[in-house]
Amino acid sequence: MSQHLALISCPLIQDTIHEFDETLASHGIAYDVPDVDQQLSEADLLACIDEYDAILAGDDELTGRVLRAADRLQVIAKWGVGTDNIDRETAADQGIAVFNTPGTLSDEVADVVLGYTTMLTRRLHDVDDAVRAGDWYCPRGRSLRDATLGIVGVGNIGSAVARRAAAHRMDLLGYDVVPLDDELIADTGITRVGRAELFERADVVSINCPLTAETEQMVDRAALRRLGPDGYLVNTSRGEIVDQDALVEAVRDGTIAGAALDVFEREPLPSDDPLTELDDVLLGSHNAQNTHDAVHRTNERCIENLVNGLAETTTPASHD
């Protein structure tokens, strides 16, 4: 007989959750796996959340309304780093512990940032399209060596981006609300600057900060003007950090040279979104973290968080 019932709603662990059956059962944890496309909506969660002691969540809408209705909920184990989909204040008020998995996806996301940077500066996507169409297109690209990369958010992911960019002999600027790590500065030569200066001096800006009230719509028209007609934007963090309408305008009128986006204000990105019409914008599917190694690593951390979190709480009534 199980002591706890968990909702496994993150699609990235659902297919392999049975690998952890023995571990979960040994800790008295049973679970349900609902049908999920991208994430569960507020309405989806309101219909069932009161049944569960824990949720292993992806980007589900864990709003204040949902959490206040979660009479049994003790633990939220978030798959990944960002917790902007969780009303943390209400969770604290309700005594719900929130865990995430910092550091488990840093290398994978950083790899994609450098991949996007290379594609944009060497126009590799245009070359591929042209050759497939029978043209022998040979654009003169821009070298990464001695180019300036501005990193907005120099935490685990931003630091991994910096180390890769340093290996390409790029000049590095970093903006963060906290001081940069001394070892990172010594290893990469990164210089901490203000946000406005970073956009003014960078050839490429990589967004790697969390979504908060302070960072929402941070990359606005003014920031894009500072980046300039030769500058590129790469965003693998959260779509809401970038003013998407302003970005579309900036690419269309040549305010910036282009962008690569793995995340959007609305996901999945609608097929008729104006971004899909722009040749100078690379479009991803919120997939920068998705490798076999990273998913397995993060799955293990999530299960640890779920088990340890429930072990630290009062045991609820048993479920059949």
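Analyst: Two residues are in contact when they have heavy atoms within 4.5 Å of each other, and that definition is used below for a model that is predicted.

User: What does Thr298 touch, leaving aside residues up to four places away in sequence?

Analyst: Not counting those residues, Thr298 touches Trp79, Gly80, Thr101, Thr104 and Leu105. Thr298 itself is found in helix H13.

User: Why is Thr298 called buried?

Analyst: A residue counts as buried when its relative accessible area is under 20%, and Thr298 has 0% relative accessibility, so it counts as buried.

User: Why is Asn156 called partly exposed?

Analyst: The class of partly exposed residues lies between the buried limit of under 20% and the exposed limit of over 50%; Asn156, at 48% relative accessibility, therefore counts as partly exposed. Asn156 belongs to helix H8, residues 156-167, and, not counting residues up to four places away in sequence, it touches Pro102, Gly103 and Ser106.

User: Which way do the side chains of E10 point, and are they buried or exposed?

Analyst: In E10, which covers residues 232-235, Tyr232 and Val234 point one way while Leu233 and Asn235 point the other way, and all of them are buried. In a regular strand, side chains alternate between the two faces of the sheet.

User: What makes E8 and E12 edge strands?

Analyst: The open sheet has seven strands in the order E8-E7-E6-E9-E10-E11-E12, with parallel pairing. Strand E8 (191-192) and strand E12 (281-283) each have a single partner strand, so one side of each has no neighbour in the sheet. For E8, the pairing with strand E7 (residues 171-175) is parallel and rests on two bridges, and Leu173 stands opposite Thr191 in E8. Helix H6 (residues 106-122) packs on this sheet by touching E9, E10, E11 and E12, and its direction makes about 155 degrees with that of E10.

User: How do you know what span to expect for H6, and what span does H6 have?

Analyst: The expected span is 1.5 Å times one less than the number of residues; for H6, with 17 residues, this gives 24 Å, and the helix reaches 24 Å from its first C-alpha to its last, which is close to the expected value. The buried residues of H6 include Val109, Val113, Leu114 and Leu120, and just after the helix Arg123 takes a positive phi of about 55 degrees.

User: What makes a group of residues a nonpolar core, and which residues touch the most other members in the largest one?

Analyst: The members must be buried residues of nonpolar kinds such as Val, Leu and Ile, joined through side-chain atoms within 4.5 Å. The largest such core has 49 residues, of which Ile13, Leu24 and Leu56 touch the most other members, and helix H13 (residues 292-311) gives the most to it, with seven residues. Apart from this core lies another, of 30 residues, among them Val152, Val205, Ile241 and Leu247.

Conventions
Residues numbered from 1 in each chain as written. Predicted model: local features only at pLDDT ≥ 70, side-chain atom pairs only at ≥ 80, totals over all residues. Heavy atoms only, no water. Buried < 20%, exposed > 50% of the residue type's maximum accessible area, 1.4 Å probe, protein only. Helix = DSSP H or I, 4+ residues; strand = E, 2+ residues; numbered from the N terminus. Pairing = 2+ DSSP bridges. Axes fitted to C-alpha atoms, helices over the stretch in contact; angles between N-to-C directions.
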